[in-house]
Amino acid sequence: MEIAIRSSISRLPNAHTSLPVEVRVPARLRTTNWEHTEALQHSTRNDGASRIKCVDSSDFAAKTMEVEMDNGSADGGGSGGDGRFSSGGGGGGGDDSEESDYEEEEFGPVMRFEEVMRETEKRGTSLPSDMIEAAKTIGLRSLVLSRYLDLQGSAWPLGFLMRHFGMLRNRMLADPSFLFKVGTEVVIDSCCATFAEVQKRGKDFWAEFELYAADLLVGVVVDIALVGMLAPYTRFGKPSTSSGLFGQINRACGALPSSVFEAERPGCKFSAKQRIVTYFYKGIMYGSVGFGCGLIGQGIANLIMTAKRNIKKSEEDIPVPPLLKSAALWGVFLAVSSNTRYQIINGLESLVEASPLAKQVPPVAMAFTVGVRFANNIYGGMQFIDWAKWSGVQ
C-alpha cells in the first residue's frame, strides 16, 4: 500500500521535459500525517536525482525524500521517469516496498503509541512495560496488539499467565497454537513412550517399571522444553548494550532464530550462517536440559529401586543404573537425535501453516501437527531404548 503525494510544481530544473513530481511512500515509512502536508520543496542534484522536502504543518519534523528519475541523459541509463523511493539515501526501494506491503498485509500496519494506548483503554486493560516501551519507540503491529488483548482477556489460567509470564506471552503472540503443540507433544509422548516401553521390554516391563516411570517423568519435562526452546517468539525491548564479552555473546544469541527453519517476520531477519549456528546452539541447550532432567529423573528412579530392594529383594531385580552415565545418555540423545528431529518438525509445521489451505482451514495445520509429532514420538521412544541398551545403561 502506498500514499501518492503530487507536487503542484510540474517542471524540475535542468530537466529536458516537464514531469509531474509524484512521491509514492511505502506504508512502513508513513511516520508523518501526510494529510496535513502544506508545502513541497524540491531541488535537484547533479546525478539526476530530485530531492523533495515535505513540510508538515503538524508538530512532526520535516521529512526529506529522494526520487530518482530520468532527466533525459544521452546515455539512456535513466529510469524513464519511473522513480524509486528511498529514505536517507537507502537503495532497493522497489523490493522494500513489496516487502513492506506483504508485511502489512500479513501482520497489519504499525500502530503508533497514541493509537496503541487508545485501543488498550477501549478494552479496559493495560500493557506490560516492555510492550509500552516498544509502542513508544517503533510502534506495535496491529496483529500483535489484537492478539495480546484477546489472549489476556481469556479465562483463567490463560489470561493470568499472559499478563504475568513474558516467556509464554511472547510465544503465544508469535504462534497462537503454541499451547496446542505443547499439549499435543506431552499427551502423544506419554502414550507413545508407554507403548514403546511395553514393546521393547516385553515380559520384563513390570520388573523394570521404575525405569519406565523415570523415563515418563523426565519425558514430560523434556517435552515442554523441546517445544518451548524451538518455538518462535515476539521480541520486545532493545538488545543488550554491554560492551563486555558477556554482552557480545548475549547479543549474538539474541539475534539467532528460535529454530533453524523459523519463518522471518517484521524485525526478525536471519542469515544462513545464523541458522547453521542455531542448530549447534540449540544442541547445547538441549544437551544441558537432557543432562539435568536425567539427573533428576534417574535419581528418583534409583531411590525407588533402592527402597524396594531394602523392603523386599527378588531374583528378578535388575541392577540400579549408574546415575551420571544415565544423565549423560539423556544429554547426548537430546543434543543429537531430538535436536535434529524437532528442527525438521518445526520446519515442516511452518510450511504447512503458511500454505493457503491451512490459512483457509486451520484444522489442517492442527491435524498435521498431531500426525507428524505422533510418528516422531514413536520413532524417538524406540530409538532411546536402543541407545540405552547399546550404552549399557538399561
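Which residue just after H3 takes a positive phi? In this predicted model, the residue concerned is Gly 139, which follows H3 and has a phi of about 85 degrees. Met 131, Ala 134 and Ala 135 are the buried residues of H3, and they lie on the same side of the helix because the arc they cover around its axis is only 100 degrees. An α-helix has 3.6 residues a turn, so residues three or four places apart point the same way. On the other side of H3, Ser 129 and Lys 136 are exposed. The cover over the buried residues of H3 includes helix H2 (113-122), strand S8 (140-141), H4 and H6.

Side chains of opposite charge can pair when their charged atoms come close. Asp 130 and Arg 169 form such a salt bridge, with 2.5 Å between the closest N and O atoms, and the pair links distant parts of the chain, since Asp 130 belongs to helix H3 (residues 129-137) and Arg 169 to helix H6 (residues 166-174), 39 residues apart. Asp 130 is partly exposed, with a relative accessible area of 26%, whereas Arg 169 is buried, with a relative accessible area of 4%.

By the rule applied here, the count of salt bridges comes to ten. Arg 373 takes part in a salt bridge with Glu 185, at an N to O distance of 2.7 Å. Because Arg 373 lies in helix H13 and Glu 185 in helix H7, this pair ties together parts that are 188 residues apart in sequence. Both of these residues, Arg 373 and Glu 185, are buried. Arg 373 also forms a salt bridge with Glu 349, whose closest N and O atoms are 3.0 Å apart; here Glu 349 in helix H11 is linked to Arg 373 in helix H13, 24 residues away. Glu 349 counts as buried because its relative accessibility is 2%, which is under the 20% cut-off for that class. A network of salt bridges links Asp 175, Lys 181, Glu 185, Glu 349, Glu 353 and Arg 373.

Helix H11 also holds Gln 343, a buried residue with a relative accessible area of 2%. When its neighbours within four places in sequence are left aside, Gln 343 is in contact with Leu 230, Ser 259, Val 260, Phe 261, Thr 278, Tyr 279 and Lys 282.

Empty space inside the model was examined next. Rolling a probe the size of a water molecule over the atoms shows where empty space is left. A search of the whole structure finds one cavity of 30 Å³ or more, and the largest cavity contains about 320 Å³ of space. It is lined by 24 residues, of which Asp 189, Trp 330, Gly 380, Gly 381 and Phe 384 are the closest to its centre. At least two lining residues come from each of helix H7 (178-201), helix H8 (209-230), helix H11 (323-354) and helix H13 (363-391). By residue class, the lining of the largest cavity comprises twelve nonpolar, seven polar and five charged residues.

A further local feature concerns the backbone. The peptide bond from Trp 156 to Pro 157 is cis, with omega near 10 degrees, and Pro 157 is located in the loop between helix H4 (142-152) and helix H5 (158-164).

Notes. Residues are numbered from 1 along each chain as its sequence is written. This is a predicted model: local features need pLDDT of at least 70, side-chain atom pairs count only at pLDDT 80 or more; totals for chains, interfaces and linings use all residues. Side-chain values use heavy atoms; hydrogens and water are left out. On a 1 Å grid over the protein atoms alone, a cavity is a set of points where a 1.4 Å probe fits but cannot get out, and a pocket is an open set with protein on both sides within 12 Å along at least five of seven lines; lining residues have an atom within 4 Å of a point. Grid points are joined across faces, edges and corners, and a volume is the space filled by probe spheres set on the points. Helices (H or I, at least four residues) and strands (E, at least two) are DSSP runs, numbered from the N terminus. Ala, Val, Leu, Ile, Met, Phe, Trp, Tyr, Cys and Pro count as nonpolar, Asp, Glu, Lys and Arg as charged, and the others, Gly among them, as polar. A salt bridge is a side-chain nitrogen of Lys or Arg within 4 Å of a carboxyl oxygen of Asp or Glu. Buried means under 20% relative accessible area, exposed over 50%, partly exposed in between (1.4 Å probe, protein chains only). Contact means heavy atoms within 4.5 Å. The arc is that of the directions from the helix axis to the C-beta atoms.
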